[in-house]
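Please load the model in a viewer and keep the selection panel open.

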Amino acid sequence: MSTTDRRIMTTAPADLFAGAAYYFARYQADYPAAMFDFLTQNYLSGREPAVLLDLGCGTGQISVPLARFADEVIAVDPDQGMIDEARQYAARSGARNVSFVTGKSEELGLDIGPFSLVTIAGAFHWMDRERVVKYLEKVAAHDCAIAVISRHRSNCSPDDWWLEQLAYTEAFWGGFFPAGSEGIRPALKVANDVILARSAFSDIQDKSFPYEHHWDLDSLVGYILSTSKACPGVLGDRRPVFEDGLRSRLSAMSPTGTFIERGVASLLLAARP
């Protein structure tokens with residue numbers, strides 16, 4: 001499919017992460033322990049009951065570690081492969097208080113909640129954000145917080161390979177990042193904090209938690225295959241060409257095959273005033 005056959009996607013297509021779940025579960029970097037400690041101490045400990053809603057839960061990176069500090073967890077994702085991997089993760093971890101829902105965050109019912117904490121990690125930009133926040137106004141406890149979680153990378157080494165792999169991927173697709181097999185990912189016109197400031201959750205603060213993650217070449221390629229811009233279902237029969245080019249580019253940057261990712265896990269926290 002040529003660039004001209006694609007269209008800007010304003011909502012997440014069904015195949016946004018097609019074929020990514022296996023790689024997502026095995027190669028995504030963990031979030032820093034200090035971030036989980038902060039969320040637990042401020043929004044779960046001492047709550048009766050402590051109930052977590054994790055939207056866009058992926059393979060359970062947020063919901064499963066926090067489950068041991070909550071009475072109940074509801075984890076939601078539209079991708080069945082992600083949910084299947086998350087269930088396995090929860091079973092291995094002994095997290096029996098997690099209920100998994102395959103579906104869109106925008107389409108949840110009002111028969112759940114109230115929630116002490118809502119987490120949205122790396123997924124808010126693909127949701128109808130205003131619709132989701134309006135829904136949360138109805139199901140969140142009065143002192144609930146929404147935690148929009150993202151990563152901001154800087155000073156990755158060697159030679160800031162993070163920016164290099166982004167440039168390679170964008171060039172591979174012809175100057176854009178894909179959204180599923182038929183779409184183009186748009187740039188956000190309105191920032192997340194602006195959306196939240198317009199809502200009932202207008203008390204906003206930022207928290208950042210540094211992290212460092214070490215990759216070898218194979219695990220790094222596995223991570224990139226877990227992303228929407230390069231998941232196997234979106235690459236299709238172009239995967240061998242993409243992967244060969246990516247490995248060549250990364251190997252040239254690090255002959256030893258070692259890569260360090262540095263950055264912060266950023267919490268955009270929104271609560272009722």
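Select helix 2 (residues 33-43): its buried residues are Met35, Phe36, Phe38, Leu39, Thr40 and Tyr43. Buried denotes a relative accessible area under 20%, exposed over 50%, and partly exposed in between (1.4 Å probe, protein chains only). Helices (H or I, at least four residues) and strands (E, at least two) are DSSP runs, numbered from the N terminus.

The model is predicted: local features need pLDDT of at least 70, side-chain atom pairs count only at pLDDT 80 or more, and totals for chains, interfaces and linings use all residues. Residues are numbered from 1 along each chain as its sequence is written, and side-chain values use heavy atoms, with hydrogens and water left out.

**Two cis peptide bonds**

Next, select Glu48 and Pro49, which are joined by a cis peptide bond with omega about -5°. Pro49 lies in the loop between helix 2 and strand 2 (51-55). A cis peptide bond also joins Gly113 and Pro114, with omega about 0°; Pro114 belongs to the loop between strand 4 and strand 5. Gly109 is found in the loop between strand 4 (98-102) and strand 5, and is partly exposed at a relative accessible area of 34%. Display Val139 as well: its C-alpha atom is separated by 9.3 Å from that of Gly109, 30 residues apart along the chain.

**Positive phi values**

Most residues other than glycine have a negative phi, and most peptide bonds are trans. Move to Asn155, where phi is positive, about 55°. Asn155 sits in the loop between strand 6 and helix 6 (161-173) and is exposed, with a relative accessible area of 55%. Asp159 has a positive phi near 55°, lies in the loop between strand 6 and helix 6, and is exposed at 62% relative accessible area.

**Helix 8 against helix 10**

Select helix 8 (residues 217-225) and helix 10 (residues 239-253), which pack at about 135° with axes 11 Å apart. Contact (heavy atoms within 4.5 Å) is made by residues including Leu220, Val221 and Ile224 of helix 8 and Phe242, Leu246 and Leu250 of helix 10. The residues of this contact comprise eight nonpolar, one polar and four charged; Ala, Val, Leu, Ile, Met, Phe, Trp, Tyr, Cys and Pro count as nonpolar, Asp, Glu, Lys and Arg as charged, and the others, Gly among them, as polar.

**The whole chain**

Finally, select everything: the protein has 10 helices and 10 strands, and buried residues make up 51% of its 273 residues.

Definitions and conventions. Axes are lines fitted to C-alpha atoms, for helices over the stretch in contact, and angles run from 0 to 180 degrees between N-to-C directions.
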